[in-house]
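I went through the pairings and then the packing.

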Amino acid sequence: MKAFEFACPTKIIAGAHALDKLPDELADRGVEHPLVMTDAGLVKLGVAAKLTDVLDAAGVAYDLFDQVPPDSSMDVVNEVARLYAERGCDGFVAIGGGSVIDTTKGAAASLACEGVDFATLQGSEILHADLPPFVAVPTTAGTGSEVTLVAVVADTHKHAKLSFTSYKLVPHAAILDPALTSSLPPKLTATTGMDALTHAIEAYTSIQKNPVSDAFAVKAIELIAQNLPRACAQGDDADARANLALASLLAGAAFSNAMVGVVHALGHSLGGLCHIPHGQAMMMLLPHCVRFNLYHGVHAGVYGELLAHLAPNRAAELGPAAMPAERDLAFCDELFALNERYHRDYGVPLKLSELGVEHDQLAAVAKQARYDGAALYNEVEITLEDALEILEATY
Amino acid sequence: MSDQTPPRRTAAQRFQALYVRTLLRLLPHLLSLFRHTSPRIRAEVDYLAPGYTFMLSVRGTGLTCVCARTAQGSFKRVPPRAVACDVEPGSGLDSADKGAATVDYVIDFRSLAYAFLCFSGGMTLQDALAQRAFSTRGPNDTGVALTYMFTALLKMFFGWRKAYRPSPSTTATS
């Protein structure tokens, strides 16, 4: 067995009314005046109020930062760290998607290092100081950021997504309450769910995969396959929402320890240069990357191992005597079929051209993807030609 | 106050330390030489800006090598006394000492055994990364370029070793 490390120190509080336990979680950590982080959209939709109402009812004083943009940047991270110090806060509560939680990670890390610029902490395992108490409350079932050691923040000057990894960046507690995701529209539910699926599949095929991350990834794939169509079709299906949130968390824990690969390398680049939302990029790229890999003999037989978890009926049709290559191709077909389904039913775009990406941007996207941090965890080196071939297929 | 005695090293460990020290000394020369013969190494050197400086270190041994890319695309060793000590290597911060060299990127092996395995071809850099055999600090993109560059260099020497031969399930496209 290859040497590996696995850590998931986050306390998980899941299920209906889980949010009601937030005041106790804060009290247990000695937090009396948290900084609540969110975005303007969640305030407008009344989702953030579900959390602040709980704090108000428990008499917890807090400050609110509700201006995290969808593509958060270093400037926002440093602004939050300044605000936290100015207001005398003693902990963070982040309610939102990946951008909100990752921005909070950045600010918390900066504060843990006595206010240094977060940009100076790029790399792996640099952070040695503990973060201030940090409770993450995801409102999408996709990023898994509530349990990951990764923070992705945009460098707006360089038009690039920068990733930071450290076991110290993992939030201390995660609250998964289905009430927070019930109002998510089907299109966003689909793209974020496919983001979680991408995490699980890439964790399962990464060079850093290990038996523990594999177990998390496989369970995540099963839960997504069973619950994503239900959650899209009926948003208020609390059971499907709860299972999807759990799947996202499991996939997050898997990739936090196994890392990701070519899909994320290209997705980060598309996010940085073309401002394509992360989940949308993952959804579009995933089947094309799987097809590309299989065509070049990469992960042969490995994708097929996941077929029974993603599409049990298809696996049963093939039967136990099916060749590994048949399972691989069936797995790839299922991913394309999922995309087609969400495109047909909810209008999710499947082409880069539909999202306003110019063809002449592809070369720059390919170059940035080759040098993205996620590229290192891909089984094979991502050449410019490989990256361009995948982007052309997705265009 | 108690004095801590350094741990006793076995003969094998002393040999490993000597081997790694020698390789670190040779590293800038090897990179400068093989960029002429290897297009893959040259491509990654070209990605790094003139003046770009990286550090390789081995935790617990004091073994360190700092190299800077010259305007001509070769590498030169930076003596330890010339490295800025008021900013952390890899932080991207400017030193108050304008004459000192600041390190852009750090690869820090977590033990001598890991460094020896990598530098002797017993383990690929990719496997070392997979096993978290080293930590890094600095901008990701140039870290990726360095990894590609070192992989190409190590493969030139150790391509014959088992660690570098492709596994049956994987066919590299590059």
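I looked up Ser124(A) and found that its bridge partner in β5(B) is Thr136(B). Strand β5 of chain A (residues 123-124) pairs with β5(B) in the antiparallel sense over two bridges; I take two strands as paired if DSSP finds at least two bridges between them. Helices (H or I, at least four residues) and strands (E, at least two) are DSSP runs, which I number from the N terminus.

On provenance, I note that this is a predicted model, in which local features need pLDDT of at least 70 and side-chain atom pairs count only at pLDDT 80 or more, while totals for chains, interfaces and linings use all residues. Residues are numbered from 1 along each chain as its sequence is written, and chains are lettered from A and ligands numbered from 1 in the order in which they are written.

**Sheet across the two chains**

I then followed the sheet that contains this pair, and it is an open one of eight strands with mixed pairing, in the order β7(A)-β8(A)-β5(A)-β5(B)-β4(B)-β1(B)-β2(B)-β3(B). Its edge strands are β7 of chain A and β3 of chain B (75-77), each of which pairs on one side only. At the chain B end, strand β2 (residues 63-69) of chain B and β3(B) pair in the antiparallel sense over three bridges, and the partner of Ala68(B) in β3(B) is Lys76(B). Helix α9(A) packs on this sheet, touching β7 and β8 of chain A, and its direction makes about 130 degrees with that of β8(A).

**Interface of chains A and B**

I asked how many residues of each chain are in contact, and the count is 26 residues of chain B with 30 residues of chain A, where contact means that the C-beta atoms, placed from the backbone, lie within 7 Å. On the chain B side, α4 (125-130), β5 (134-137) and α5 (140-158) each supply at least two residues, and α5(B) gives the most, with six. By class I recorded eight nonpolar, 15 polar and three charged residues for the side of chain B that touches chain A; Ala, Val, Leu, Ile, Met, Phe, Trp, Tyr, Cys and Pro count as nonpolar, Asp, Glu, Lys and Arg as charged, and the others, Gly among them, as polar.

**Sheet within chain A**

I next looked at an open sheet of six strands in chain A, which has parallel pairing and the order β1-β9-β6-β4-β2-β3. The edge strands, each pairing on one side only, are β1 and β3 (63-65) of chain A, and the twist from one strand to the next averages 20 degrees. Strand β2 (residues 35-37) of chain A and β3(A) pair in the parallel sense over three bridges, with Val36(A) bridged to Leu64(A) in β3(A). Helix α5 (residues 98-112) of chain A packs on this sheet and touches β2, β4 (92-96) and β6 (134-138) of chain A, its direction making about 160 degrees with that of β4(A).

**Domains of chain A**

The domain assignment, which is automatic or from a database, gives domain 1 (11-180) and domain 2 (186-394) for chain A. I noted 26 Å between their centres, taken over C-alpha atoms, and a contact that takes 28 residues from domain 1 and 30 residues from domain 2. On the domain 1 side, β1 (11-14), β7 (150-155), β8 (160-165) and β9 (173-176) of chain A each supply at least two residues, and that side divides into 15 nonpolar, 10 polar and three charged residues.

Which way do α7(A) and α8(A) run relative to each other? The axes of α7 (residues 211-233) and α8 (residues 238-258) of chain A come within 8 Å and cross at roughly 150 degrees, which makes α7(A) roughly antiparallel to α8(A). Axes are lines fitted to C-alpha atoms, for helices over the stretch in contact, and angles run from 0 to 180 degrees between N-to-C directions; under 35 degrees counts as roughly parallel, over 145 as roughly antiparallel, 65 to 115 as roughly perpendicular and the rest as oblique. The residues of the contact of α7(A) with α8(A) divide into 16 nonpolar, five polar and three charged.

Definitions and conventions:
Contact = placed C-beta atoms within 7 Å.
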